[in-house]
Amino acid sequence: MRPVEIACDESGSEGENLLGGETDVFAHAGVRMSWPEATACVREIRARIGSPAEEYKANHLLRAKHRAVLEWLLAPDGPLDGRGHVHLTGKTFFAVRAAVSLLAEQGTDAMARTLHRTGPAAFGAARWQFFLTAFTSVLRLKPRRGVTTSPPEFFALVEELARIPGEAAEIVGRFRGGAERVAAYRARLAGDPGLVPVLDPLVPAVLHTVRHFSDGGTPVALVHDEQLALTPERVLQLKATLGPRLADVRFVDSRADARVQIADFLAGVARRIASDDLNGHGDPRLTSLLRVFVDAGSVWDGTGSLLPGLERDGG
């Protein structure tokens, strides 16, 4: 069977830097469009916006004066209807879920959601932020910024928080036995350049994108914007994981492929709309328009109205 080409791009990528960065949401978009369709769509966006900019980005569409263009792009009868897909990752929840999955015996998504929602009140917002940042530091062999914490220092912090009464502390208490798992993970990371870091949301998002577009049995060939995190070793891992669903991965400059430009638009506006919703000041109309594109396996804790009450495993 001939593969279908899916153009992809992302927004909010900061690698393993999940906390304290520029963005709190990572969005990965896939678009199934032909070259002529995508070229016509880009041309129509340019005509409707009327900006002299040589390269259009999502921020052009997000300006209030271009609201009608954005609604047209996301509308049920718009150019992306049935062709676009977005996988969202709330970065803080992603970090919490990684901690529960790696450190707790029999950790579950339900446990991660509970800890994510109760942690700030139980420990104080600043202390909770420090704890999560310390966890991400422990899992990175070469932290580039922020808190730098050794494994012994982190597990001393675990012991300290576990003594505080409450449900959040009970969950953190389950992390006490995680030191060996952290050491084993760091050793694997140091020895295997193809290992996908548990703190990088890109590869899981790509997996969901391929699974979405290959759901009917058609293999997928990804045409992805240039992305350093998708190393040759990690592409091989993707192919091994997905099998015949993933036929090929090819990287292009988004400026040279109108299909990837459309994916760039979708990823950028999705990240902003989702971030606004996550922080309690979402736009109901835009949130409603975006919702139909969002993968049910997104790493989202159900806060806000975008994916309310999401109880699925986003792994």
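## Helix packing and a buried lysine

In this predicted model, helix α4 passes helix α5 in a right-handed crossing. On the α4 side the contact is made by Thr92, Phe93, Val96, Arg97 and Val100, and on the α5 side by Asp109, Met111, Ala112, Arg113, Leu115 and His116. Sorted by class, the residues of this contact comprise six nonpolar, two polar and three charged ones. The axes of α4 and α5 (residues 109-123) come within 9 Å and cross at roughly 125°, which makes α4 oblique to α5.

A second pair is formed by helix α3 (residues 67-74) and helix α13 (residues 284-291), whose axes lie 9 Å apart at an angle of about 25°; α3 is therefore roughly parallel to α13, since angles under 35 degrees count as such. Here α3 passes α13 in a left-handed crossing, with Arg67, Leu70, Glu71 and Leu74 of α3 meeting Arg285, Leu286 and Leu289 of α13. This contact has four nonpolar and three charged residues, but no polar ones.

| Helix pair | Axis angle | Axis distance |
|---|---|---|
| α4 and α5 | roughly 125° | within 9 Å |
| α3 and α13 | about 25° | 9 Å |

Helix α4 (residues 91-103) also contains Lys91, a residue that counts as buried because its relative accessible area is 1%, where the cut-off is under 20%. The side chain of Lys91 makes a polar contact with the side chain of Glu14, at 2.9 Å. Leaving aside residues up to four places away in sequence, Lys91 touches Gly12, Glu14, Asn17, Leu18, Thr23, Asp24, Val25 and Phe26.

Note on methods
Residues numbered from 1 in each chain as written. Predicted model: local features only at pLDDT ≥ 70, side-chain atom pairs only at ≥ 80, totals over all residues. Heavy atoms only, no water. Helix = DSSP H or I, 4+ residues; strand = E, 2+ residues; numbered from the N terminus. Buried < 20%, exposed > 50% of the residue type's maximum accessible area, 1.4 Å probe, protein only. Polar contact = N/O pair within 3.5 Å; in protein donor to acceptor, adjacent residues only side chain to side chain. Contact = heavy atoms within 4.5 Å. Axes fitted to C-alpha atoms, helices over the stretch in contact; angles between N-to-C directions. Parallel < 35°, antiparallel > 145°, perpendicular 65-115°, else oblique. Left-handed = near helix turned anticlockwise from the far one by under 90°. Nonpolar A, V, L, I, M, F, W, Y, C, P; charged D, E, K, R; others polar.
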